[in-house]
Number of protein chains: 2
Amino acid sequence: MKNQRPLILITNDDGVSAPGLRALVSVMAELGEIIVVAPDSPQSAMGHAITTNSTLYLNKISKDSDAILEYSCSGTPVDCVKLAVNEILKRKPDLCVSGINHGSNSSINVIYSGTMSAAVEAGIEGIPAIGFSLMDFDWNANFEPTKSFIKKIASEVLENGLPDGVVLNVNFPKLEEKDIKGIRICRQAKARWMEKFDKRKTPQGRDYYWLAGEFVNQDKGEDTDEWALEHNYISVVPVQFDLTAHHTIQNLNTWKWNE
Amino acid sequence: MKNQRPLILITNDDGVSAPGLRALVSVMAELGEIIVVAPDSPQSAMGHAITTNSTLYLNKISKDSDAILEYSCSGTPVDCVKLAVNEILKRKPDLCVSGINHGSNSSINVIYSGTMSAAVEAGIEGIPAIGFSLMDFDWNANFEPTKSFIKKIASEVLENGLPDGVVLNVNFPKLEEKDIKGIRICRQAKARWMEKFDKRKTPQGRDYYWLAGEFVNQDKGEDTDEWALEHNYISVVPVQFDLTAHHTIQNLNTWKWNE
C-alpha cells in the first residue's frame, strides 16, 4: 500500500467550477491521485441534506486537466461523497478534502455548511476528512496564501490518520501568507446568527422574506476558532458526529421519566 | 410568568399536513398555548439546510381548529424555526417540539434528519427543544401509543428546562402503549447507512441514480438508542451542537503543525 500514491477525493459546496475547488485540486495533485466529485450548482448552507425524493445524475467532465477524473453531480455535497464512494471509486480513498469554501465555516457555521457536511459524511464512511474554508465570500478570493498550509495539514493527516469519529474543520483568515501566524487547534466558539429577515413584497403584493442576519460571538475564550481567526491564526477544530451530550446523561437519569 | 400558559412552537419535516404533526398538536394543546410553523411540503433528510439563495413564504392556514395559530412555510424545517422566532412570535417560546416524525431518527439519522435539525436550531436560539420520531414510515402510522409519553417528556422539560446547549432526540418503537417498557436515556449508537444506489436509465438512455441503502448497527452497547428501541423502550438521547471533539484536542496538539 505504501508504494501506491494516496487516493484523494475532492468535493465542495460552491460547485465544481468554484475557484476554491480549483485551488484545492492544484494542491492535492502534488500529494496523490485525485478525483473530483462536486455539485453542478452552488449548494451552500445545505447542511447534511441528502436527496431521497429525487433522482441523481453524475456527469463526467474535464476542467483543469484531462489527467484528473472529474464528475459533476446534481445533488448535495453529501450526495457527492456517497456517490463517489459507492459508484465511482474502486477503493476507499485515503483522504477526502472539501472546499476551499468561499466564506468562513467557523463556530456554529459548521452545522449549516455543505462543505463541512461533505467532510463529516466522509468521516462517517471511515475516510479521514478535512473541510477547508477561507474567510472571504468573494468568487475571486485569493486562495494562494492558503496553499502551503493546506499541503502541510493534508500531509499530516495522510501520515497520521485522524482519531476515530473525527474530521477537521480548517478555517483561514483573509491574509497574505506572511501575515498568517500559524495553525492552532481550537474548540468551536459558542457563537450564533441573530436573524434579521428582510421582508419584501412581490410585484403582486404578496409578502416574502430573505434570510439575513448578523453573526454574534459572545464566547471570549482564547481557545476558540473565532479567537484564533481574529488573531491571524488558522483554526483547526476537530469535529465529531457522535452528537451525544455524554456529560448530561448522569443528570438526566435523575429525572422522573418512568413514574 | 408562572401564571401564563407556556408558549409551545411546533414544527416538523414531513409537512404541515402530516398526521404525526397533528398528533403532536393534540398533545401540546393540553400543555400550553401552541403555534405551528411547518413546511408546506415534505422536507425529510434536509438536515440543517437553510434557504439563503431563494425567497421564503409564510401562509397563515387553518387545520385542526381556528383557535390554533398555524403557518405553512416554503422553506426547510430550520427556516421554519427561524421565521417563527423572528417574524411571528411576540415572545421566545418556552418549548419547541418537532415531529412526530414518520420514521426513526435514532443513531446517525440525527444528522440527516430535518425533524432533529429543527429542534437543534431551536436549541441554538436558546429554546428548550425536543424532536419526536416513531419507527414507522407509514403515513397512516398509529401515533396514539406515543401520546401519554410525549406529554410526560414535554412536561418534564417545561418543568426542568434542559442543560445548556442540549436538545432531546426521542424515538418510539412501533408498539402498543402496553408493550412499551418505559423511557431510557441513551447515547447515539455507532451505526450508519451502507449505500446501495439503484442505477437506472431514463427513457432517453441516460444513467441516473436513486439513493437507497441498508442501516447497519455494529454497536453492541446496551446504553445506545438502538438497543433501547430493539428492547421495546423509548430512547431519549441528549444531543449537542458543540461538535468539538474535545477529547482529541490534547492529542492533536502534539502534532507538528507549525514546523
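This is a predicted model: local features need pLDDT of at least 70, side-chain atom pairs count only at pLDDT 80 or more; totals for chains, interfaces and linings use all residues.
I looked up the strand order and found nine strands in an open sheet of chain A, running β3-β4-β2-β1-β5-β6-β7-β13-β8, with mixed pairing. The edges are held by β3 (58-61) and β8 (182-185) of chain A, and each has a single partner strand, so one side of each is left without a neighbour in the sheet. From one strand to the next, I noted a twist that averages 25 degrees.

Entry 2, β2 and β4. I then turned to β2 (residues 33-39) and β4 (residues 69-73) of chain A, which run parallel and are joined by five bridges. When I looked up A38(A), I found its bridge partner in β4(A) to be S72(A).

Helix α1 (residues 19-28) of chain A lies across β1 (7-11), β2, β4, β5 (95-102) and β6 (129-134) of that chain, and I noted an angle of about 140 degrees to β5(A).

Is strand β13 (residues 233-240) of chain A buried or exposed? I found eight of its eight residues buried, so the strand is largely enclosed by the rest of the structure. Y233(A), S235(A), V237(A) and V239(A) cover one side, while I234(A), V236(A), P238(A) and Q240(A) are on the other, and all are buried.

Strand β7 (residues 166-172) of chain A pairs with β13(A) in the antiparallel sense over six bridges, and N171(A) stands opposite S235(A). With β8(A), I found parallel pairing over four bridges, in which G182(A) has Y233(A) as its bridge partner.

Definitions and conventions
Residues are numbered from 1 along each chain as its sequence is written. Chains are lettered from A and ligands numbered from 1 in the order in which they are written. Side-chain values use heavy atoms; hydrogens and water are left out. Two strands pair if DSSP finds at least two bridges between them. Axes are lines fitted to C-alpha atoms, for helices over the stretch in contact, and angles run from 0 to 180 degrees between N-to-C directions. Contact means heavy atoms within 4.5 Å. Buried means under 20% relative accessible area, exposed over 50%, partly exposed in between (1.4 Å probe, protein chains only).
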